[in-house]
Amino acid sequence: MTSTSDNDLTHDAFLGGKLHLWQPRLGYRAGVDPVLLAASVPARAGETVLDLGCGVGAAALCLSARVPGLELTGVEQQASYVALARRNGLQVFETDFCNLPEDVRERSFDHVLANPPFFDRAAGRQASDAGREAARGQATPLAAWVDVGARRLRHKGHLHMIHRAERVPDLLAAAHGRLGSPEIWPICPRVGKLAELVIFRARKDGRADFRLHPPIILHEGAQHLCDADSYRTEIRAVLRHGAALTL
C-alpha cells in the first residue's frame, strides 16, 4: 500500500456490523482467520492483550468487541498498516516484534495473539504486493513468534495462534521448553474434510499434557452446493454476531 488516500481504502463491517475496520483496497485484507482467533480467546474484562503482527488490528479489536474492558496493545512493522490500526482504534507500536520497544518489553500480558504468515518463502513464490507478502510469507521463523510471545506472557498467561494445519509439528516444537499445556483445535471446512487450519493455545508455566480437541467444522454439508452462506449455526454466530467459539 503506497497511498493513505481514502480512495485506496475500504471501511469493512465485521461481526455483523458491530465493528468496522479501515483496510487497504489492495494488499493483505483481514478475513475469517483473525475473527476465529479472537473468538477462541477466553479473555475477561481488565486483562491485558498483546497482538503481534497486528496488521489493521482485526484480531485484537474483534476480541475487544466481545469482551469490553480489555487493555489492548498491537505491534506491527509496516507503517501503512500501523496507521490503519491506529485509525481503527488500536494502540500500536511500529516495530519489528523481534526488537520490541522498552515500553512493551517491560510489560507482561495475560494473552498474546498472533496470526503469523502461513507460508515459508524458502519453498514458495512471493506475492507481488508488499503488504500481502509480509502477511503471508514467513520471513521470521515461526519459533521466533512463539519465543517472543512466551517472553511477553505473565505467569499462567496464554499464547493464542491460528496457523496452517501442516505447521502443527513446528508449533509444538517451538513451544517445547518455552510454554506448557499445549492444545490444538483443528479447523475443517466441512465434515469429512481434512483440517486446513488450527487454533493453537499454550500456557506459560503450564503443566498439563498435550490435548488434541475435536475439530471445529465451518460449513454445513459434505460439499459446497451453491454460492450462498453455508456456515454452521455456531460459526455464523461467531462471524455475524461476535459470539465466542465454544471450545
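User: How many cavities of 30 Å³ or more does the count come to?

Analyst: The count comes to one cavity of 30 Å³ or more. The model is predicted.

User: What makes the largest cavity pass that cut-off?

Analyst: Its volume. The largest cavity has about 50 Å³, and the cut-off is 30 Å³.

User: Which residues line the largest cavity?

Analyst: Leu15, Val35, Ala38, Ala39, Cys62, Leu63, Arg66, Val238, Gly242 and Ala243. Helix 1 (32-39) and helix 2 (58-66) each supply at least two residues of that lining.

User: How do the lining residues divide by class?

Analyst: Eight are nonpolar, one is polar and one is charged. Gly242 is in the lining, and Gly counts as polar.

User: What is the handedness of the crossing of helix 6 and helix 7?

Analyst: That crossing is right-handed.

User: Which residues make the contact?

Analyst: Helix 6 brings Leu142, Ala143 and Val146. Helix 7 brings Asp170, Leu171, Ala174 and Ala175.

User: How do you know which residue of that contact is charged?

Analyst: The contact has six nonpolar, no polar and one charged residues. Asp counts as charged, and Asp170 is in the contact. Asp170 is therefore the charged one.

Terms used
Residues are numbered from 1 along each chain as its sequence is written. This is a predicted model: local features need pLDDT of at least 70, side-chain atom pairs count only at pLDDT 80 or more; totals for chains, interfaces and linings use all residues. Side-chain values use heavy atoms; hydrogens and water are left out. A crossing is left-handed if the near helix is turned anticlockwise from the far one by less than a right angle, and right-handed if clockwise. Helices (H or I, at least four residues) and strands (E, at least two) are DSSP runs, numbered from the N terminus. Contact means heavy atoms within 4.5 Å. On a 1 Å grid over the protein atoms alone, a cavity is a set of points where a 1.4 Å probe fits but cannot get out, and a pocket is an open set with protein on both sides within 12 Å along at least five of seven lines; lining residues have an atom within 4 Å of a point. Grid points are joined across faces, edges and corners, and a volume is the space filled by probe spheres set on the points.
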